[in-house]
Amino acid sequence: MLDIAPTKQATTWLGAFARALEARDIDAAMQLFLDDCYWRDLLAFSWNIKTVAGRDAVSDMLGATIEAAQACAFHLSGEATVEDGTVEAWFTFETAAGHGKGCLRLRNGKCRTLFTATDELKGFEEKKGPQRPLGVKHRADPNRETWSEKRRREERELGTLTQPYCVVIGGGQGGMMLGARLRQLGVPTVILEKNARPGDSWRNRYRSLVLHDPVWYDHLPYIPFPDNWPVFTPKDQMGDWLEMYAKVMELHYWTSSSCTGATYDAASKTWTVEVDRDGERVVLKPKQLVFATGAYGPPRMIDLPGSEAFQGEILHSSQYADGSRFRGKACAVIGAASSGHDVSVDLWESGAKVTMIQRSPTTVAKSATLMALAFDTYSEDALARGITTDNADWMAASTPFALMPETQKPLYDKIRARDAEFYERLAGSGFAIDFGEDETGLMMKAVRTGSGYYIDVGASDLIIDGEIGVVGGTGIKALTPTGILFEDGRELAADVIIACTGYQSMHETVAQLVSREAADRIGPCWGLGSGVKGDPGPWKGDPRNMWKPTAHEALWFHGGNLALSRFYSKFVAMQIKARMEGIPTSVYGEPG
């Protein structure tokens, strides 16, 4: 097959696959796959976010879904490409419920990876582009309702005279993006935000916070950042953008509104969601409930023996906003990942004496190096090559998580070689560096545990120069009245202790608002089951419980960074819309 043009190989394979599906011939389909194959499906066949590995698993999923999916009309989307002997081709197709997009990768004429995804639901396509709404009826009408009048009526009635089909808990970027997707699909939705203004979840963070990911990676659906937007967005500018987004996208966005409890009636398939709306008790009765509280749940505080004797102040990073009141004070920052570094820099800039307590090694990568080597599909250069953010999202999604280490390890080999002198100086300062248990670096830590890494935007130089002290290689034995006593006998004087110790899983928020039993039935969010520390097995293939059905009916989790929230909000919205419209959604690999 290697002497046949890539497009011919792809066309031949896709045609054979389509014929096997039409004939419901699973054995014939399996002859087209390598033994070590992967199939990642986003709703199209499985009505799930599901990756299976190996021919037997592919056969099982296809056998269970082929009849209901009724996949047909397979066509290549363009010319296939070939790199290192692997042929890659994108294609379109249809299922009973939707229009799909996919990608196949062939080795020696057989499939190594298959990606299939529903791009839109048949009969419920978004009204955009050529199908955008007219916005006015061009005729005289004494009963005319203007846009603003209709908007005010909807805001008065939704949640009082009429009930939302969906309630989203959390009005940060994830909740907003999902809310925008749901509104475009005509799903009545209320977003609950505890803060007073949209965007306050960013404004209320520590003063120096700036996004570490570049602008091309961070766009929101429907309204990309303008061309003059900075590469790295300051938190307050992001807050203002989100406030604009909520208004322009016409979201039903309830500020100063906190969910105080939620119960589910399995008989009526209805939630009862109790809300404190600016001091007023409101009860909502949605059919679907989404937790969009980021990628994490409540703050995680570590046990600090002797804390009752400590005469200074102890706070979690979630409570930290500004270092100005700590000027001249000795500050101990527990934690050496992203928040630990950012808080340490902010304290140093405010005139505090800062010591970072490193409890485990950290993966560090310089921002400039990542921009040069790791964001090749999210950049100005990528746009010049015709790779839009949307293209890049689909490309990223088409790669099974199990194969990410194959690309990440060589990438971090290059990064370590390029910045060898930097790493030598950083290690010489007493800072412990690692690149993960399997040397795959920052991105794999992000998807496995969401912790243990830092994109260097200045803190590392302060550590190297001794401006920020580091204590590592030992545990905290106890707090004393004036500081910290370590297990190796060292003592550190401290007026303030800031615990940058991360957050619990989002399912702990379910425990607080729904029930402990419900949370335990669902289990933790995030992680792949890779078996590394903090991500116990068994292998899941995709992030646990994220963007897909959970073990609790009508309860969803949506979150992640801006890029993940942007892309997967589309699929959460389609799943909810399908249920609202009564489209059959038989879930393959349903949890529990």
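This is a predicted model: local features need pLDDT of at least 70, side-chain atom pairs count only at pLDDT 80 or more; totals for chains, interfaces and linings use all residues.

Reader: Okay, in what order do the strands of the open sheet run?

Author: The order is S10-S9-S8-S14-S25, 5 strands with parallel pairing. Strands here are DSSP E runs of at least two residues, and helices are H or I runs of at least four, both numbered from the N terminus. Two strands pair if DSSP finds at least two bridges between them.

Reader: And which strands are at the edges?

Author: Strand S10 (253-254) and strand S25 (555-557), each of which pairs on one side only.

Reader: How many bridges link S8 and S14?

Author: There are 4 bridges between S8 (residues 166-169) and S14 (residues 288-291). Val167 has Leu289 in S14 as its bridge partner.

Reader: Which helix packs on that sheet?

Author: Helix H5 (residues 173-184) does, touching S8, strand S9 (189-192), S10 and S14. Contact means heavy atoms within 4.5 Å. The direction of H5 makes about 170° with that of S9; axes are lines fitted to C-alpha atoms, for helices over the stretch in contact, and angles run from 0 to 180 degrees between N-to-C directions.

Reader: How do the axes of H5 and H8 cross?

Author: They cross at roughly 20° and come within 10 Å, H8 being residues 235-248. That makes H5 roughly parallel to H8, a label for angles under 35 degrees.

Reader: Which residues meet there?

Author: From H5, Gln173, Met176 and Ala180; from H8, Leu242, Tyr245 and Ala246. The contact has 5 nonpolar residues, 1 polar and no charged. Ala, Val, Leu, Ile, Met, Phe, Trp, Tyr, Cys and Pro count as nonpolar, Asp, Glu, Lys and Arg as charged, and the others, Gly among them, as polar.

Reader: Switching topic: where's the cis peptide bond?

Author: Between Gly537 and Pro538, with omega about 5°. Pro538 sits in the loop between helix H18 (516-522) and S25.

Reader: What about Leu43's phi, positive or negative?

Author: Positive, about 75°, although Leu43 is not a glycine. Leu43 lies in the loop between strand S1 (33-42) and strand S2 (49-53).

Methods. Residues are numbered from 1 along each chain as its sequence is written. Side-chain values use heavy atoms; hydrogens and water are left out. Angles under 35 degrees count as roughly parallel, over 145 as roughly antiparallel, 65 to 115 as roughly perpendicular and the rest as oblique.
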